Amino acid sequence: MGESGESVPADDSVPANGSVSADHSAPADERPHVLTVVGARPQFVKAAAVSRALQDRIDETVVHTGQHYDAELSAVFFDELSLDEPDYHLDVGSDTHAAQTAAVMVEIERLVDAEEPDAVLVYGDTNSTLAGALAAAKREPTLVHVEAGLRSGDRSMPEEVNRICTDHCADVHYAPSEHAVATLEREGITDGVVDVGDVMYDTLLQVRDRLTGGDVAGALVPAGETPSDGHPADRPTPGDDSFVLATVHRAANTDDPDRLGSIVEGLSALARPVVLPAHPRTVDALHREGLWERATDGIELVEPVGYLDFLRLLVAADCVATDSGGVQKEAFYLDTPCVTLRETTEWVETVEAGWNRLVGADADRIVEAIESAERPATKPDRYGSGTAAARIAADLRRRLDPTT
């Protein structure tokens, strides 16, 4: 892995846990300054690895846009991942794509002018990503995109538009795979491209030893209730019972009554219990479309859970059905077969390796894919060895401070 014509530390030159040793530290007044933009739960997971690797090399100012509007669950993620409190919290909340992006852009532009960072770092493909990219592209800082080069081929997805625009604005592109690097090259982006691996894998490796503990069954609260309301006696107990884990949150599924209804029918028809931590958008859609009763009859709808509890569920599940890009990867890393409730995916390597099947929102295909899901005999290494964050920190320090 690396960028043509430029050196990047080899995987064996950084610690296995992705941390950065004290030998690479620099006096505070000599360090470059990066402004990092996060706003949704997957970005917290990515930042957990990168922010840790930046310590002692690069000063970091973290901006939480508040795009993920569940403040309590955001706090759980920050606590579980040992993230410092953000330096700024914008509290933009939920809104239309245009309004949300515009609100973040205005605030990021103000902070760039006030903080005068050497670089602005954005993750993934959210509205916060695009807003940070557009604000930085019109100012002096170097724009850095972590998780560059991903494409699903479906421009009806807002995330796809965000990815493309961000990549074509960015100065530095940290790609998670060879496929992502090739995608950027096809689009004419070759400067500043480095294949570092997937930072989410770094974070997962850092917490993996913690996945065997904790009462995950006790943490499952029926959707719409609180822990004090009690729990149904017949809830599946992860680790003891066979069950399927599911997540549904993308607007393409929740805002289309036919697709949502078909997904509910497919999951409800399974022979095994289904546990679905319900995104607020999904809960609203089920009520709006008159599907709540059918869903709760056939699916164990529970309140959203924290990062560690979700991974514990994913480890214990026979299979996961999801429309989330991040969950597709986490299932791959944790050896759980995945059925994706979309027609396309940006994580094409998981499909090519046989660990992920794309079934869309067809009820019959959902049932068939889940009931026949099994673990392939092999799993190729497609996203690095868990040292992506350390590679980013070393490369970025070199770019921002050529004297090092």
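Contact here means heavy atoms within 4.5 Å. Welcome to this predicted model, in which local features need pLDDT of at least 70, side-chain atom pairs count only at pLDDT 80 or more, and totals for chains, interfaces and linings use all residues. Residues are numbered from 1 along each chain as its sequence is written, and side-chain values use heavy atoms, leaving out hydrogens and water. Helices (H or I, at least four residues) and strands (E, at least two) are DSSP runs, numbered from the N terminus.

**The sheet**

- Seven strands make up an open sheet with parallel pairing, in the order β3-β2-β1-β4-β5-β6-β7; two strands pair if DSSP finds at least two bridges between them.
- At the edges are β3 (88-89) and β7 (193-195), each of which pairs on one side only.
- Strand β6 (residues 172-175) runs parallel to β7, and three bridges join them.
- Within this part of the sheet, Tyr 174 stands opposite Val 194 in β7.
- As background, strands of a sheet pair through backbone hydrogen bonds, either parallel or antiparallel.

**Helices across the sheet**

- Axes are lines fitted to C-alpha atoms, for helices over the stretch in contact, and angles run from 0 to 180 degrees between N-to-C directions.
- Helix α1 (residues 41-54) lies across β1 (33-38), β2 (59-64) and β4 (119-123), at about 140 degrees to β4.
- Helix α5 (residues 158-169) lies across β4, β5 (142-146) and β6, and its angle to β5 is about 140 degrees.

**Nonpolar cores**

- A nonpolar core is a set of buried Ala, Val, Leu, Ile, Met, Phe, Trp, Tyr and Cys residues joined through side-chain atoms within 4.5 Å; buried means under 20% relative accessible area, exposed over 50%, and partly exposed in between (1.4 Å probe, protein chains only).
- The largest nonpolar core has 65 residues, and Tyr 174 and Tyr 307 touch the most other members.
- Helix α1 gives the most to this core, with eight residues.
- At least three residues come from each of domain 1 (33-202 + 385-400) and domain 2 (233-372), with bounds taken from an automatic or database domain assignment.
- Not counting residues up to four places away in sequence, Tyr 307 touches several residues, including Val 45, Phe 77, Leu 204 and Glu 330.
- A second, separate core has 28 residues, among them Val 264, Leu 276, Ala 321 and Ile 366.

- His 33 is found in strand β1 and counts as buried, at 15% relative accessibility.
- The side chain of His 33 makes a polar contact with the side chain of Thr 61 (2.7 Å); such a contact is a pair of N or O atoms within 3.5 Å, where within protein one must be able to donate a hydrogen and the other to accept it, and residues adjacent in sequence count only if both atoms are side-chain atoms.
- Val 34 also lies in β1 and is buried, with 0% relative accessibility.
- The C-alpha atoms of Val 34 and Leu 396 are separated by 9.7 Å, although these residues are 362 residues apart along the chain.

**Two loop residues with positive phi**

- Most residues other than glycine have a negative phi.
- Ser 82 is not a glycine, yet its phi is positive, at about 55 degrees. Ser 82 is in the loop between α2 (71-80) and β3, and is exposed at 56% relative accessible area.
- Asp 91, in the loop between β3 and α3 (97-115), has a positive phi near 55 degrees. Asp 91 counts as exposed, at 58% relative accessibility.
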